[in-house]
Amino acid sequence: MQSIYALHQKNSDEIEKEEKFLLHSIDSIQDLYLIMLSSLIEIRKKEIVFLEASSKKHLATLEDKKPNRKFVDNAVLQLLEESNSLSIALEKRKINNWAMDDTYVLILLNEIKQSKLYQVYMQNKKTSFEVDKEFVAAMFAELIAPNEKLYEYLEDNKLTWIDDIPLVNTQILKQLNQFSEKEEFRVTRLYKDQEDQEFVTLLFKKTVLNEVELAKEYINKTPNWDAERIAEIDTIILKMAICEFLKFPSIPVKVTINEYLEIAKEYSTPKSSIFINGILDNLVKEFQSEDKIKKSGRGLIQN
């Protein structure tokens with residue numbers, strides 16, 4: 001949607017150039033995912049360094065010499081560091097952000113150690129994988145993901161990540177909650193399969209190359225709206241949704257409608273989702289009565 005909007009704003013027909021930028025932006029989501037995951041490993045490493053330095057102080061206290069190691073001994077954090085899948089991915093994509101900007105790791109560690117969540121965890125005498133997992137998931141959700149300094153760093157690093165941060169954090173939290181001590185932590189693939197990857201390019205090209213024809217499908221279905229008054233984002237959303245209805249047989253109708261209503265709520269005007277929902281509902285009825293919608297495979301069930 002944003003790539004099509006960018007073409008409109010630049011009044012450009014450089015489809016291949018915008019497609020490359022689109023694919024590059026999606027590919028960089030994997031870097032963001034790995035950066036956020038590796039922050040958990042680096043936070044633990046910084047605490048280990050701190051504990052070792054404290055034990056060697058000239059006037060080290062008993063607490064310095066025999067500290068509570070519950071945090072650095074956390075089973076989930078250790079398994080993340082030991083994950084071959086994660087180590088290989090970090091090396092392959094050359095993710096070394098925290099080695100270059102460890103200030104942010106220290107900021108996160110400081111906020112974690114000052115939190116009530118940390119205090120309760122450290123004082124809890126019960127030790128188990130589930131306790132460790134619950135703590136790490138809560139720490140990520142409540143202290144790391146919403147950290148403003150971290151958000152600013154990521155935004156400065158790559159502007160396209162602004163929209164991707166919630167998606168990535170949700171995926172990591174899901175993985176942390178599902179983590180099992182019996183299985184190695186595995187990095188999530190960017191695309192589910194080849195069809196998933198091809199969908200990106202196909203949807204972009206089929207929408208851009210058929211914009212005039214797609215617009216004709218809704219242009220006379222908006223009696224209370226002057227076509228020129230419809231928000232540009234809304235026209236793009238309508239075209240993409242209609243494109244999915246007519247040209248992507250494996251995508252269920254309800255999935256298409258739900259996805260584009262969410263996009264409208266996020267990026268368009270307050271009333272856009274209601275407007276778009278009404279148009280799409282009417283179009284689906286019309287397309288089905290004219291037998292224009294041909295769904296198969298995963299999209300066989302439309303209701």
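**Entry 1: what I am looking at**

This is a predicted model, where local features need pLDDT of at least 70, side-chain atom pairs count only at pLDDT 80 or more, and totals for chains, interfaces and linings use all residues. Residues are numbered from 1 along each chain as its sequence is written, and side-chain values use heavy atoms, with hydrogens and water left out.

**Entry 2: aromatic rings**

I reminded myself that a pair of aromatic rings is described by the distance of the centres and the angle of the planes. The rings of Phe, Tyr and Trp (its six-membered ring) pair if their centres lie within 6.5 Å; planes under 30 degrees apart are stacked, over 60 edge-to-face, and the rest tilted. How many aromatic pairs does the structure hold? I found nine aromatic pairs.

One of them joins F71 and F135, an edge-to-face pair with 6.1 Å from centre to centre and 85° between the planes. F71 sits in the loop between α3 (62-65) and α4 (75-82) and F135 in helix α9 (residues 129-144), so this pair ties together parts that are 64 residues apart in sequence. Helices here are DSSP runs (H or I, at least four residues), as are strands (E, at least two), numbered from the N terminus.

Next I looked at W98 and Y153. Their ring centres are 5.4 Å apart and their planes stand at 35°, so I wrote this pair down as tilted. W98 belongs to helix α6 (residues 97-100) and Y153 to helix α10 (residues 148-157), so the pair ties together parts 55 residues apart in sequence. W98 is buried, at a relative accessible area of 4%, and Y153 counts as buried too, at 7%.

I also noted a cluster: ring pairs link F71, Y118, Y121 and F135.

**Entry 3: α11 and its partners**

How do α2 and α11 pack? Helix α2 (residues 15-55) and helix α11 (residues 165-178) meet at an angle of about 50°, their axes 10 Å apart. Axes are lines fitted to C-alpha atoms, for helices over the stretch in contact, and angles run from 0 to 180 degrees between N-to-C directions. Angles under 35 degrees count as roughly parallel, over 145 as roughly antiparallel, 65 to 115 as roughly perpendicular and the rest as oblique. α2 and α11 are therefore oblique to each other.

The crossing of α2 and α11 is right-handed; that is the word if the near helix is turned clockwise from the far one by less than a right angle, while anticlockwise gives left-handed. On the α2 side the contact (heavy atoms within 4.5 Å) is made by I29, L32, Y33, M36, L37 and L40, and on the α11 side by I165, V168, N169, Q171, I172, Q175 and L176. I sorted the contact of α2 with α11 by class: 10 nonpolar, three polar and no charged residues. Here Ala, Val, Leu, Ile, Met, Phe, Trp, Tyr, Cys and Pro are nonpolar, Asp, Glu, Lys and Arg are charged, and the others, Gly among them, are polar.

Then I turned to α9, which packs with α11 at about 170°, the axes 9 Å apart. α9 and α11 are therefore roughly antiparallel to each other. K133, V136, A137, F140 and A141 of α9 meet N169, I172, L173, L176, N177 and Q178 of α11. This contact of α9 with α11 divides into seven nonpolar, three polar and one charged residue.

The axes of α14 and α15 come within 10 Å and cross at roughly 165°, which makes α14 roughly antiparallel to α15. The crossing of α14 and α15 is right-handed.

P249 lies in the loop between α14 (232-247) and α15 (253-267). I marked P249 as partly exposed, with a relative accessible area of 37%.

**Entry 4: two positive phi values**

N11 has a positive phi of about 50° although it is not a glycine. N11 lies in the loop between α1 (2-9) and α2 and is exposed, at 71% relative accessible area. K94, another residue other than glycine, has a positive phi near 55°. K94 is in the loop between α5 (84-92) and α6, and at 66% relative accessibility it counts as exposed.

How values were computed
Buried means under 20% relative accessible area, exposed over 50%, partly exposed in between (1.4 Å probe, protein chains only).
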